[in-house]
Amino acid sequence: MASLWSGLLFQTAKHWIAGESYEDALNRAARSNGHKIQGIVNLLGEEITARDDASAATQEYLEILKIIAIRKIQSCISIKPTQLGLGIDSTFFEENLGIVVSTAKSLNNFVWMDMEGSTYTAETVDSYLELIRKFDNVGLAVQAYLKRSEEDANKILDLKGKIRLCKGAYNESPEIAFKKRADISRNYSKLMRVIFERGRGFAIATHDERLIHEAITLSNVHHADFEFEMLMGIRDKRKMGLAQMGYRVSEYIPFGKRWWAYSKRRISEHPSNIFLLARSLISG
Ligand code: FDA
């Protein structure tokens, strides 16, 4: 019974994740390339507490980067800081991250750093600001719901860093974060204007139609080098439409065994996704 239930949950999760192995993710990226969409491959897992697990995640990313190069897939990778050991020891994390970014550089590839919960924001931003003194092939997610993000974005732009602007997916307190959807969107628009004025190689990571329109309007004024980024399984037709219009579009493709935490986040963001679960139960 337990395995039947977990099989049904996995069927639902497969809406947002490529599968359990990196082969699944790379196959999805190759298919998306056929629609002029680049991949951003992400191994699921965060809050890692054992050094061996962080080292294994680091090695897996190195392997993925090599296969991307050999198969000539249009895809970069996205790591989570605590997956590479930020919650264990910051020096150990920076070593792992340095290996991944330098390997990506040698293979002419790019690494995005996801932004996690606010416990890690300051350390993540500091590590990133250090890293971009040495490497230009790494970017950092900035969350529009955090009140500190305007200051962070300006520091990153001062050093010519690359920002992926997203709304933010963690449950933060009202002392440090905007909580109302309207306030988050307003801050997103404000940060987006700054990034279009000052940034290059940045990413507008949202499925929100109003913000996508705003980005298109800003891009007509600033002619900036940027891309749209969306998650696998969300607004797939819109992604293709933007790519056909000539915009650069990338799709974030998670894979791995730790798929349930990620799927729960997607369901809670958009509760109508519970119908996907119901549908797999019925057709199950
Ligand atoms: P919003 O949630 O307001 O959604 C706008 C519209 O998009 C909805 O009305 C619906 O049509 C569609 N939609 C959105 N989510 C959906 C869902 N789950 N199912 C179905 N439809 C949905 N967060 C973070 O904290 N750190 C990070 O590093 C990243 N990285 C990241 C990378 C990329 C490429 C993306 C696209 C997003 C992230 N995020 C993230 C997640 C982000 O912060 C946010 O939680 C989600 O993108 C949802 O916010 P939207 O901007 O899409 O708006």
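Where in the protein chain is the place of glycine 201? In this predicted model, in which residues are numbered from 1 along each chain as its sequence is written, local features need pLDDT of at least 70 and side-chain atom pairs count only at pLDDT 80 or more. Glycine 201 is found in the loop between helix 7 (181-198) and strand 6 (202-205); helices (H or I, at least four residues) and strands (E, at least two) are DSSP runs, numbered from the N terminus.

The protein chain has eleven helices and eight strands. Its radius of gyration is 18 Å, close to the 19 Å that the globule rule gives for 284 residues, so the chain is as compact as a globular protein of that length. Here the radius of gyration is taken over C-alpha atoms, and the globule rule is 2.2 Å times the number of residues to the power 0.38. Along the principal axes, the C-alpha trace spans about 55 × 40 × 40 Å. Among contacts with a separation of 6 or more, 69% join residues 24 or more positions apart, contact meaning heavy atoms within 4.5 Å.

The chain carries 39 positive and 35 negative side chains, with the centres of the two sets 6 Å apart. In that count Lys and Arg are positive and Asp and Glu negative, with His and the chain ends not counted, and each charge is placed at NZ of Lys, CZ of Arg, CG of Asp or CD of Glu.

Two loop residues illustrate the buried class. Glycine 201 has a relative accessible area of 18% and is therefore buried. Leaving aside neighbours within four places in sequence, glycine 201 is in contact with Trp112, Lys162 and Asp225. Tyrosine 120, in the loop between strand 3 (111-113) and helix 5 (121-131), is also buried, at 13%. Not counting residues up to four places away in sequence, tyrosine 120 touches Glu47, Thr82, Leu86 and Gly87.

Most residues other than glycine have a negative phi. Histidine 223, however, has a positive phi near 50 degrees; this residue lies in the loop between helix 8 (209-222) and strand 7 (226-231) and is exposed at 66% relative accessibility. Phi of arginine 235 is likewise positive, near 50 degrees. Arginine 235 sits in the loop between strand 7 and helix 9 (236-244) and is partly exposed, with a relative accessible area of 33%.

Finally, the cysteines. A search of the whole structure finds zero disulfides, a disulfide being a pair of cysteine sulfur atoms within 2.5 Å. Cysteine 76 is in no disulfide, and the nearest cysteine sulfur, that of cysteine 166, is 15 Å away. Cysteine 76 counts as buried because its relative accessibility is 10%. Cysteine 166 is buried too, with a relative accessible area of 18%.

Terms used:
Heavy atoms only, no water. Buried < 20%, exposed > 50% of the residue type's maximum accessible area, 1.4 Å probe, protein only.
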